[in-house]
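Biologist: Hey, could you walk me through this protein? I'm new to reading structures.

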Amino acid sequence: DLELHLQRCQQLSVTVLTDHQDLSTTELKTITNSTAPQQYRIRAKLRTYKPQKLHQSVKLHCSKCNSLQEVPDRDDFDFILHGSASTAPNPELHNTSWYESVTWTTQEQKEREIAIHFVKHDEMLQHPEDTLIMIEGGTLKEIGKLTKRFKCVIPVRSTEDDLELLDLSAPFLLKGNVKYYGCKQCSTPKPMKNLSSIAAEQQPSWEPTEIAQVLGIELLQYVFIMKFTLVDETASLNAYLFDY
């Protein structure tokens, strides 16, 4: 089996792409001296590619300001959650007309207050798989468990007047395994009470694009980016792959 696999890898490494067979091959030197846009077919070798690790190819892109940024890692999110947990939930913001609140104190050495706010529909709690919840004081592990049970999870903190989103370095929304981020430059975060307009809809879908819109968030999109350096006998050429 190993021998067959190695043979297969060798076959793949010498495969020539057959797209644009109607075009004759053009030397890279000719392409580098041409003005864009043009369409060419080339025959070249791959000298290098970046990034070397595939997961590093995934970035976050803002279509409004055209900026690119790295996807924050778990440690960044964890740090922001620990910072927000230092602010105790404001009991005056619990149990409103559009969400129901549950609070408890953890039994660990350094006690933590946690509040979960379950958004209601028609003054009723929905099935967990249809429910959006907001959580204050939760850890990464606790939020991870909640995303497996509820449709959407939004980490929040208390102010004097309302619940608000955390720092936009953290995801503003988690849905299943996907974390949704907002552009710091283009977003103008609004208080969580703006979500009540979606809760009042006949059938709230809790789609990330709609949630982002009512919360004043410019949604970042995950993009896949790679850079290839191609060479032939005449020149070298950098090729970029950018795809949603």
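This is a predicted model: local features need pLDDT of at least 70, side-chain atom pairs count only at pLDDT 80 or more; totals for chains, interfaces and linings use all residues.

Biologist: Okay, which residues does the UniProt domain annotation cover?

Modeller: The UniProt entry, which is unreviewed, gives "domain: Protection of telomeres protein 1 C-terminal insertion" for residues 75-218. In the model, that span is 22% helix and 24% strand.

Biologist: And how many Å apart are the end C-alpha atoms of residues 75-218?

Modeller: They lie 23 Å apart.

Biologist: Let's pick a residue. Where is threonine 106?

Modeller: Threonine 106 is in the loop that links strand S4 (99-105) to strand S5 (113-119).

Biologist: Is threonine 106 buried or exposed?

Modeller: Buried, because its relative accessibility is 8% and the cut-off for buried is under 20%.

Biologist: What does the side chain of threonine 106 have a polar atom 2.9 Å from?

Modeller: The backbone nitrogen of arginine 112. Leaving out residues up to four places away in sequence, threonine 106 touches Glu111, Arg112 and Ile114.

Biologist: Which side chain does threonine 229 make a polar contact with?

Modeller: The side chain of asparagine 238, at 3.0 Å. Past the residues up to four places away in sequence, threonine 229 touches several others, including Lys45, Thr48 and Ser236.

Biologist: New topic: where is leucine 215?

Modeller: Leucine 215 is in the loop between helix H6 (208-214) and S11. Its relative accessibility is 0%, so leucine 215 counts as buried.

Biologist: What does leucine 215 touch?

Modeller: Skipping residues up to four places away in sequence, its contacts include Ile154, Leu165, Pro189 and Met192.

Biologist: Last one. Which residues form a nonpolar patch on the surface?

Modeller: Val58, Val178 and Tyr222 do, and together they have about 200 Å² of accessible area. Valine 178 belongs to strand S10 (residues 178-180).

Biologist: Why does valine 178 count as partly exposed?

Modeller: Its relative accessible area is 35%, and partly exposed means between the 20% cut-off for buried and the 50% cut-off for exposed.

Conventions:
Residues are numbered from 1 along each chain as its sequence is written. Side-chain values use heavy atoms; hydrogens and water are left out. Patches are made of residues with over 30% relative accessible area and no salt bridge: like charges are joined within 9 Å, nonpolar side chains (Val, Leu, Ile, Met, Phe, Trp, Tyr) within 5 Å. Accessible areas come from the Shrake-Rupley method with a 1.4 Å probe; for residues, only the protein chains shown count as cover. A salt bridge is a side-chain nitrogen of Lys or Arg within 4 Å of a carboxyl oxygen of Asp or Glu. Helices (H or I, at least four residues) and strands (E, at least two) are DSSP runs, numbered from the N terminus. Buried means under 20% relative accessible area, exposed over 50%, partly exposed in between (1.4 Å probe, protein chains only). UniProt positions are given in the numbering used here, feature names are shortened, and annotations may be inferred rather than shown by experiment. A polar contact is a pair of N or O atoms within 3.5 Å; within protein, one must be able to donate a hydrogen and the other to accept it, and residues adjacent in sequence count only if both atoms are side-chain atoms. Contact means heavy atoms within 4.5 Å.
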